[in-house]
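Please find below a short note for a colleague who is coming to this structure for the first time.

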Amino acid sequence: LALIKIGATGSNRDEAIRLIHASSATVVDESDETLIIEATGEEPTINSLIRSLEEFDILEIMRTGRVAMKRGGSPIDNTPMEPAIEGKSAPDVEAVP
């Protein structure tokens, strides 16, 4: 997962949006001067999108590593999770290989 903020105004904005949609990414926020793009997929796919956005003004990039959740009803780990409530956070969870 990557969130990418680019400067996009006027005619380059339309070009950026076409490029984003062609890359199967999504515009998740926009202002008069910027677009925030959400990109998911394999690392090479995201890297390719970032390279193609270099012609625009890349203002910020936030990336995650691999994210996974076990399918079905049981969690990856059987440690009981307490619901998050105000003033209390979820327990620390070890990284999943």
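How do the residues of the lining of the largest cavity divide into nonpolar, polar and charged?

1. The residues of that lining divide into four nonpolar, four polar and no charged, where Ala, Val, Leu, Ile, Met, Phe, Trp, Tyr, Cys and Pro count as nonpolar, Asp, Glu, Lys and Arg as charged, and the others, Gly among them, as polar. Please keep in mind that this is a predicted model, in which local features need pLDDT of at least 70 and side-chain atom pairs count only at pLDDT 80 or more, while totals for chains, interfaces and linings use all residues. Residues are numbered from 1 along each chain as its sequence is written, and side-chain values use heavy atoms, with hydrogens and water left out.

2. Searching the whole structure gives one cavity of 30 Å³ or more, a cavity being a set of points on a 1 Å grid over the protein atoms alone where a 1.4 Å probe fits but cannot get out. The volume of the largest cavity is about 30 Å³, counted as the space filled by probe spheres set on the points, which are joined across faces, edges and corners. Its lining consists of S23, S24, A25, A39, T40, T45, I46 and L49, lining residues being those with an atom within 4 Å of a point. Helix 2 (residues 43-53) supplies the largest share of this lining, three residues, helices being DSSP runs of H or I with at least four residues and strands runs of E with at least two, numbered from the N terminus.

3. The structure holds two salt bridges, each being a side-chain nitrogen of Lys or Arg within 4 Å of a carboxyl oxygen of Asp or Glu. In one of them K5 pairs with E60, with the closest N and O atoms 3.7 Å apart; this pair links distant parts of the chain, K5 in strand 1 (residues 2-7) and E60 in strand 4, 55 residues apart.

4. The side chains of R13 and E30 also meet in a salt bridge, at 3.0 Å from N to O. R13 counts as buried because its relative accessibility is 14%, buried meaning under 20% relative accessible area, exposed over 50%, and partly exposed in between.

Conventions: 1 Å grid on protein atoms, 1.4 Å probe; cavity = no way out; pocket = protein on both sides within 12 Å on 5 of 7 lines; lining within 4 Å. Buried < 20%, exposed > 50% of the residue type's maximum accessible area, 1.4 Å probe, protein only.
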